[in-house]
Amino acid sequence: GRFIYAIGGESFGVKNYVEMYDTSSNAWTTKAPLLTARGGVSAALYRNFIFAIGGAGTSMEKYNPTTNVWTPAGSVATSSGLYILLVLPRADLMLSVASSGLVTERYNFDTDSWCTFGVPGGYTPSQWLSGTVAQIANHELALVYDSEAGKIFMFNASSPATGWVLILSQKLPGVTSNGCCATLAYYNGLLYSVGGYTTSYSNIVFSWDPVARPASWTSVTGLNRVRDFAATVAAP
C-alpha cells in the first residue's frame, strides 16, 4: 500500500502512539491512538481493518482507516504476551504467531475468534520477533524477523508442510546492539526494518531487497519519534 502505519511501542514507557507514513510525500502524520498502550505490539491489515495484538495480555483491537477509529476485537487463545499477526490474502488467512516457539493460530473474521493452526516452529528468538507478508516470485510468503540475531524466517502458504525456514542471517550495518526490537514491513518488493533499540531508543529505518539480496541493508528516512517494540503495517 501507499501508507505505512507505525503503531504503539515503547520509549521510556509503553505508548499508544499511531503514526502514518505517506510513501509518496515521505512524511509522517499522527493518527488516532490505540485503545490500550501496547509495547511488543504486532499489527496487520485484514479485510480493510488494521488489527493490533500483544503487549496487553491476549487482547486485540482493530482500526478502521476510513473513520480513524479503534474498537475491541477477539482475544487470541495462546497466552504468550508477544505475538506476530500475519495476513495471507490469497488464502484469506490471518495468523497469530506466538514469539515463543512460533506457535501459530488462525483467526475467524465472521465469529471474531481464534483456533490453533499448524505446529510450533521450535525456534527460540534472541529477544523479540516481528513479521510481515510478502509476494515474492509469485509466492505468498509469511516472514518472521529476529532483529537482534539478524535472522528472517519464511513460511510458504502454498507448501505449509515445509514449516518455517531460515532465509536470512544478516545483522543491520553499523548498529552496535544489532537493531534489537526492530519491526519488519514489506512494500513494493522491499523489506523495511523500522526503529528498535541500539545504544538507546532509535528511529532508524533500513530497506532490503529479498530477491536481489544485496550485501547489506540500505538506510532510509527515519521515524519522527524514537521507539522499539512497535508495529508496522503497509496499507492502501
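A few questions and answers follow.

Tutor: This is a predicted model: local features need pLDDT of at least 70, side-chain atom pairs count only at pLDDT 80 or more, and totals for chains, interfaces and linings use all residues. Residues are numbered from 1 along each chain as its sequence is written, and side-chain values use heavy atoms, leaving out hydrogens and water.

Student: Is Ser-207 buried or exposed?

Tutor: Ser-207 sits in strand β18, residues 201–208. Strands are DSSP runs of E, at least two residues, numbered from the N terminus. Buried means under 20% relative accessible area, exposed over 50%, partly exposed in between (1.4 Å probe, protein chains only). Ser-207 has 9%, so Ser-207 is buried.

Student: Which residues touch the most other members of the largest nonpolar core?

Tutor: A nonpolar core is a set of buried Ala, Val, Leu, Ile, Met, Phe, Trp, Tyr and Cys residues joined through side-chain atoms within 4.5 Å. The largest has 16 residues. Those touching the most other members are Leu-86, Leu-102, Val-144 and Trp-164.

Student: Is Asn-48 buried or exposed?

Tutor: Asn-48 lies in the loop between β4 (42–46) and β5 (49–53). Its phi is near 75 degrees, a positive value in a residue other than glycine. The relative accessible area of Asn-48 is 65%, so Asn-48 is exposed.

Key: Helices (H or I, at least four residues) and strands (E, at least two) are DSSP runs, numbered from the N terminus.
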